[in-house]
Amino acid sequence: MKTCMRHTALAMTALSTAVALAACGSGGGGDPDGGSSPTIGLLLPDATTARWEAQDRPLLEKEIKELCGDCSIEHANAKGDVAIQQEQMDSMITKGVDAIVLVAVDARSLATEVRDAAEANIPVIAYDRLAQGPIAGYVSFDGQEVGRLQGRALLRAMGDDSAGSRQIVMMNGDPSDPNAAQFKKGALSVLTGRVKIGKAYDTLQWRPETANMNMSGALAALGVGNIHGVYAANDGLASGSISALKANKVQPLPPVTGQDAELGAVQRIVGGDQYMTVYKPFGPEASAGAAMAVAAARGEALDQVGKDTVRPIGGKQVPAVMLTPVAVTAGNIKGTLVKDGIYTVEQICVPRLETACSKAGLT
Ligand code: GAL
């Protein structure tokens, strides 16, 4: 934990303040004099999307511990609430953590807290979502490429000769998540002019139940037989859409895209209810995030970790690690998710999927 907490320092006498400031060392958020062990704050956005608590958190915790045995981690989840995340940021700053890994619920609204952290000499690593303000580093995937992979897969599944006669529904993500705009932009760059977009929705907080409601509305407006494909920005939205299609007895189901390689989505892909997901390898993202967080907490430069660069709104250009997303359909589950140890064949191939699994070459 940092010895240079701003609030404490303010209350100190001139002499003890000088001693405390000397113990802070210079630059970065670290604890360069080795006075006490570094603390890293980990702020996750919600519990609606499985990946944050099921994949990112355990991997980040493990990687941070491997790189820094005496580091401790303070985790908090904002449950999709901007005000809660702002409080969590404030609390990390007050505690004087040495670095913060932030997945912003709302990039713009968190900019003030990012600035407060920077002013308190606490580097913020934007994880997966590009936070606004003076962040110290960024780790993510090419979001437009995610959208292009989804769009191309959807065209392929609908039959590439569709030439504008086919109609799709777009279930986009939360507009306050900067990634959602990237996914949409990438998808539209592929889909525009090739299909008719019958309805398009933004989905606050990425809620599957909202996608479910919107899909029911789309079916009522467009007609049950007139939806030939569904662009769902992630697996939660895919799940909500598919259950509405099923509830409305749409047969056969149109191809539906997704993202995040959630276990439920992988099982839907094997079983034929969902066409694809985008797998953004969790391991490399967490490794890069942990390496940046530890370096930042120690007050080290981040350009050794991040060879790419990014310029956030309201901040200067910073080191970044940009990774490559992978499209997953039934045919390559084994060579991607199983190979990387995300899921075992046993986890995916529950008894009801026995036949489908052997067809997909999983068993
Ligand atoms: C995005 C993230 C996706 C998805 C979504 C919902 O920012 O890149 O992987 O999980 O948030 O939480």
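User: What should I know about the numbering and the model before reading values?

Analyst: Residues are numbered from 1 along each chain as its sequence is written, and side-chain values use heavy atoms, with hydrogens and water left out. The model is predicted, and local features need pLDDT of at least 70, side-chain atom pairs count only at pLDDT 80 or more, and totals for chains, interfaces and linings use all residues.

User: What counts as a disulfide, and how many are there by this rule?

Analyst: A disulfide is a pair of cysteine sulfur atoms within 2.5 Å. By this rule there are two disulfides. One joins C68 to C71, with an S to S distance of 2.1 Å. The other is formed by C349 and C357, whose sulfur atoms are 2.0 Å apart. With the bonded cysteines of the protein chain numbered in sequence order, the pairing reads 1-2, 3-4.

User: Is the disulfide of C68 and C71 right-handed or left-handed, and what about the link of C349 and C357?

Analyst: The torsion about the S-S bond of C68 and C71 is about 85°, so that disulfide is right-handed. For C349 and C357 the value about the S-S bond is -95°, and the link is left-handed.

User: Are C68 and C71 buried or exposed?

Analyst: Relative accessible area decides this: buried means under 20%, exposed over 50%, and partly exposed in between, with a 1.4 Å probe and protein chains only. C68 counts as buried because its relative accessibility is 1%. C71 is also buried, with a relative accessible area of 1%. In the other pair, C349 and C357 are both buried.

User: Which residues come nearest to the ligand?

Analyst: A residue is near a molecule or strand if one of its heavy atoms lies within 4 Å of it. There are 14 residues around the ligand, of which D128, R129, D177, D260 and K280 come nearest.

User: Which secondary-structure elements each supply at least two residues of the shell around the ligand?

Analyst: Helices (H or I, at least four residues) and strands (E, at least two) are DSSP runs, numbered from the N terminus. The elements that each supply at least two shell residues are α3 (51–67) and α7 (178–191).

User: Where is D177 found, and which side chain does it join in a polar contact?

Analyst: D177 is in the loop between β6 (167–171) and α7. D177 counts as buried, because its relative accessibility is 2%. Its side chain and that of W206 are joined by a polar contact of 3.1 Å.

User: Which residues does the cis peptide bond join?

Analyst: Omega describes the peptide bond, and here a cis bond joins Q251 and P252 with omega about -10°. P252 is found in the loop between α9 (235–247) and α10 (263–271).

User: What are the phi values of K79 and A261?

Analyst: K79 has phi near 50°, a positive value in a residue other than glycine. A261 is not a glycine either, and has a positive phi of about 50°. K79 is in the loop between β2 (72–77) and α4 (82–95), whereas A261 lies in the loop between α9 and α10. K79 is exposed, with a relative accessible area of 58%. A261 is buried, with a relative accessible area of 0%.

Key. Polar contact = N/O pair within 3.5 Å; in protein donor to acceptor, adjacent residues only side chain to side chain.
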